[in-house]
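We will take the stops one at a time.

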Amino acid sequence: MTLIEARSQARAVQQGFEPGLISIIIPTFDRGQIICDALNSVASQDYPNVEILVVDDGSTDDTTEVIAAWRANNPSTRLKYVRQHNKGVAAARNHGIEISKGEFIQFLDSDDFVCPRSLSLLVAALRATDAPYALGKIVNTDMQGQVISGQYFHEWMSSANSVLGNLWLTHAALYRRFAVLAAGFYNEDLGCGEDTEFHWRIAARNGVGVGIEETIAIRRIHDLGQLTDQDPVEQEKNDLATYVCFQEWALGQNLLKEDDRKVLRRRHRKRGTQLGSAGKWTEKNASIDMIAKLYPDRYIWERALGLPKSRSYYAVCLGCLRVYQILQALVSRYLITRR
């Protein structure tokens, strides 16, 4: 699904909703052994008006039977289970949006769960303001519930000056329905990073949300297969694709802030330097073209001075980048140790 199709589809989604209802959208694939933890965490909330929408992305295990058994044991819980051909997590979340009825929407991965009272806290934060979404903290644990050392908190980041400075994990946010529909659906063309790109569009279209200091969800780290387990080279490609997709959308919507242009320019120059040092001139020039879209009146300057064809230039730049990355890693490790 392209972004143009996503926006069209978003407009076609039923605008009506049930006031006060929270739609919890849970995409899943072969998680029959652990999905009940996510379901139980939602069913045990003190917020009474909730619908659970489980979108099965073509599971081949016993997920269908597990969900049926859980529903039979929890007849008072409003749950809808739908299956689709395997299309990826973005398509599953989009399907959940299509069938949702809630005034509020939250996305929850099937291997994680929400903390007690989290929904009440987030709804209260939204009702106290006119913010388009509310954010809480996330804690990383292993499958036994032990907090993982060095990865305790995932704190949301919010910035009114830079859309790219708005970062949070998927299930850290509770959205107003209009905020989701205004931003459009998840980009199904992205194999990874689709949540980050979606969050940037949410902030660009609706403005920044409100944050609370409470921990509202648990993210479990396991060996059952997670999208974060990627080869570094593939991660680099996915990160770049995420930036490019957002840049193209934001430029088309005239929603790209100047601070974000600077961040994107640095990102493309870094990638162009790496490609240039490897002699990949065609791909390097693609980075220059992306910068040209950010600064069309400076295109000649960027081509002449920004990323020249000298191999010695790239060797020096690449060395500087590596030194910077090492220093950044050392500082991050020091800050984690202090915490």
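Before the tour starts, one convention for helix pairs: a crossing is called left-handed if the near helix is turned anticlockwise from the far one by less than a right angle, and right-handed if it is turned clockwise. Keep in mind, too, that what you have open is a predicted model.

**Colour by confidence**

The mean pLDDT of the protein is 86, and 86% of its residues reach 70 or more. Now select residues 1-8, where the pLDDT is below 50. Beyond near neighbours in sequence, this stretch has 18 contacts in the model.

**Select 258-277 and 281-294**

These are helices H9 and H10, whose axes come within 8 Å and cross at roughly 165°. How do H9 and H10 run, roughly parallel or antiparallel to each other? Angles over 145 degrees count as roughly antiparallel, so that is the description for H9 and H10. H9 passes H10 in a left-handed crossing. Show side chains to see who meets whom: the H9 residues include Arg261, Leu264, His268 and Leu275, while on the H10 side you will find, among them, Trp281, Ser287, Met290 and Leu294.

**Select 35-43 and 63-73**

Here helices H2 and H3 bring their axes within 10 Å, crossing at roughly 30°. The cut-off for roughly parallel is under 35 degrees, and H2 and H3 are therefore roughly parallel to each other. This time the crossing, as H2 passes H3, is right-handed. H2 contributes Ile35, Cys36, Leu39, Asn40 and Ala43 to the contact, and H3 contributes Val66, Ile67 and Trp70.

**Centre on Ile52**

Leu39 and Trp70 turn up again at this stop: isoleucine 52 touches both. Zoom out to the largest nonpolar core, which has 67 residues. Ile52 and Leu39 are among those with the most contacts inside it, along with Ile22, Val54, Tyr175 and Phe246. In soluble globular proteins, nonpolar side chains tend to be buried together.

**Finish at Leu122**

Select helix H5, residues 118-127, and pick out leucine 122 within it. Is leucine 122 buried or exposed? Its relative accessibility is 0%, so leucine 122 counts as buried. Leaving aside neighbours within four places in sequence, leucine 122 is in contact with Gln106, Ala134, Leu135, Gly136, Leu174, Ile212 and Ile216.

Conventions:
Residues numbered from 1 in each chain as written. Predicted model: local features only at pLDDT ≥ 70, side-chain atom pairs only at ≥ 80, totals over all residues. Heavy atoms only, no water. Core = buried A, V, L, I, M, F, W, Y, C linked by side-chain atoms within 4.5 Å. Buried < 20%, exposed > 50% of the residue type's maximum accessible area, 1.4 Å probe, protein only. Contact = heavy atoms within 4.5 Å. pLDDT = per-residue confidence, 0-100. Axes fitted to C-alpha atoms, helices over the stretch in contact; angles between N-to-C directions. Helix = DSSP H or I, 4+ residues; strand = E, 2+ residues; numbered from the N terminus. Parallel < 35°, antiparallel > 145°, perpendicular 65-115°, else oblique.
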